Amino acid sequence: MKANNLTSLREGESARVASLLNTGRIKRRLQDLGLVEGTRVQCIQKSPFGDPVAYGIRGAVIALRTEDAQGVLVR
Amino acid sequence: MVTADQAANKEFMVVKTNTTDQIIALAGNPNVGKSTVFNALTGMNQHTGNWPGKTVGSAQGTHHHHGSGYIFVDLPGTYSIMAHSAEEEIARDFILFGGADATVVVCDATCLERNLNLVLQVMELTANVVVCVNLLDEAEKKGILIDLEALERELGVPVVGASARSGKGLAELMEKVEALCAGAIPTNPRGVRYNSAIERAVSSLALLLEQRLEGRMNSHWLALRVLEQDTTLAAGIKKRLGPGLLDDEALWEAADAALASLEAEGISREKLGDMVVSCIVFSAEEIALSVGGDAAGCAGCGRCGGAVVRAGGAADRDRRLDKVLTSRRTGIPIMLALLCGILWLTITGANYPSRLLSDGLFWVQDRLTGFFCWAGSPDWLYGALVLGVYRVLAWVVAVMLPPMAIFFPLFTLLEDFGYLPRVAFNLDHQFKKAKACGKQALTMWIG
């Protein structure tokens, strides 16, 4: 099964987190927000330039930059 | 001779005015209203500084309740206390070694599940915890209801609801803190549920530590930190619990055995760290679910784990509004229109008051000139006081006051509507090209 990342989600689509490729501070920040393996994430709104994108994570709306969202593998 | 507590107070620079004063640590995520609670309780009886050896600011203040003194120590806002940053290390070390009589964890009612992450971690360190669920007024606006009694049952520690901004719930908070410090409330903090692989690996190590620790620290928690090879803890433990504890052959053998068994199951040390985080997150989710609401795997539809949501109206309306404010076609034009509108209002709106102020203040200057002439004062005095001090002041007030008096209220209005984060969201991409970030659009706007 090909591993997709968060950026492949279109507005309204959702998926579950498979793993985090990010490292260091941004990884811990994502984990703090509850983005761990198995968490359901929904792509809510893309900004006018396509980056950042607002995602729904455990009841909160969080804006993630493409470079960070690319590290979040989903299934 | 100095007691252990006195030594702790000295190291963390907690100043007791009375030996009967209780020390209360105040923890919580950033932006949950922790400072509001702190300021409401301590008022002007605060002093600020830095944590010893760090560049992170600290604040302590005193609150009196029923004649007793309570020293609140405002810990840095953190999402967790895994000590991955200076702030987290400070918070964790203070809760462990700072000699606090109780810890209050302030939570945001509008995103309770995320806040429970920190609550669970704090409860692993100390049983003397009071949870303060703040921003209940905000939650109500979003149609989120929290069952505080159920939460108290699930967590095993006292829970208080508050809207610190309007002063609600603070009296109740102090009642619980007072009772807890007096030993009148037995607590049974709910532990994090770790998966079986971790539990198997940790059990023998935890047993060993329990014998050595003699109840001074949570052995299960310390065992996990030993396995994760958390070096930030070593210094603190050496100082408080003696160097012998960690310099133990048997301990490290048990640790190596545990790590080996984890490796055998395909769990590397890095993966262990991730698993620990996951277990805490899922424990928080579990509590949130059992308290009420159907938030399992929910994502951003306005529901919040740990709450019952009334007809999702508020959140849906926000989403629809966002579609207009941040979409490709309408987002940028609206933003530019608002920006130009506010600037135009500021500039043209300020002209009339500026002229009035200018005329008025310079009329006064003429009267002053008349007075100085009549009094026969020397030119240099007139020059310094009237032309120098007064005229410059008059210019500044006449020119700058009206625009500021118009711009800032308008800007604040935008902030209250929650529009400003949308501006940062829209512009982040462009600002990134200048190696800045979207939030700097706001500071640019003010400039």
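I looked up the bridge partner of Leu26(B) in S5(B) and found Val104(B). The model I am reading is predicted.

Strand S1 (residues 22–28) of chain B runs parallel to S5(B), and 5 bridges join the two. With strand S6 (residues 129–134) of chain B, S5(B) forms 6 bridges, again in parallel. In that pairing I noted Cys107(B) opposite Val133(B) of S6(B). Between S5(B) and S6(B) I followed the chain through helix H4 (residues 112–125) of chain B; this β-α-β crossover is right-handed.

Next I checked the burial of S5 (residues 102–108) of chain B: the strand is mostly covered, with 7 of its 7 residues buried. I sorted its residues by direction. Ala102(B), Val104(B), Val106(B) and Asp108(B) point one way, whereas Thr103(B), Val105(B) and Cys107(B) point the other way, and all are buried. I recall that side chains in a regular strand alternate between the two faces of the sheet.

Which residues touch the most other members of the largest nonpolar core? I recorded Ile24(B), Leu26(B), Val105(B), Val130(B), Val131(B) and Cys132(B), out of 113 residues in that core. Domain 1 (4–181) and domain 2 (196–267) of chain B each supply at least three residues to this core.

Last, I listed the contacts of Val130(B), leaving aside neighbours within four places in sequence. Val130(B) is in contact with Ala102(B) and Val104(B), and also with Val157(B), Pro158(B), Val160(B), Leu173(B), Lys176(B), Val177(B) and Leu180(B).

Conventions
Residues are numbered from 1 along each chain as its sequence is written. Chains are lettered from A and ligands numbered from 1 in the order in which they are written. This is a predicted model: local features need pLDDT of at least 70, side-chain atom pairs count only at pLDDT 80 or more; totals for chains, interfaces and linings use all residues. A nonpolar core is a set of buried Ala, Val, Leu, Ile, Met, Phe, Trp, Tyr and Cys residues joined through C-beta atoms within 7 Å. A residue is buried if 20 or more other C-beta atoms lie within 10 Å of its own, exposed if 12 or fewer, and partly exposed in between; C-beta atoms are placed from the backbone. Domain bounds come from an automatic or database domain assignment. Two residues are in contact if their C-beta atoms, placed from the backbone, lie within 7 Å. Helices (H or I, at least four residues) and strands (E, at least two) are DSSP runs, numbered from the N terminus. Two strands pair if DSSP finds at least two bridges between them. A crossover is right-handed if, with the strands pointing away from the viewer, the path from the first strand over the helix to the second runs clockwise.
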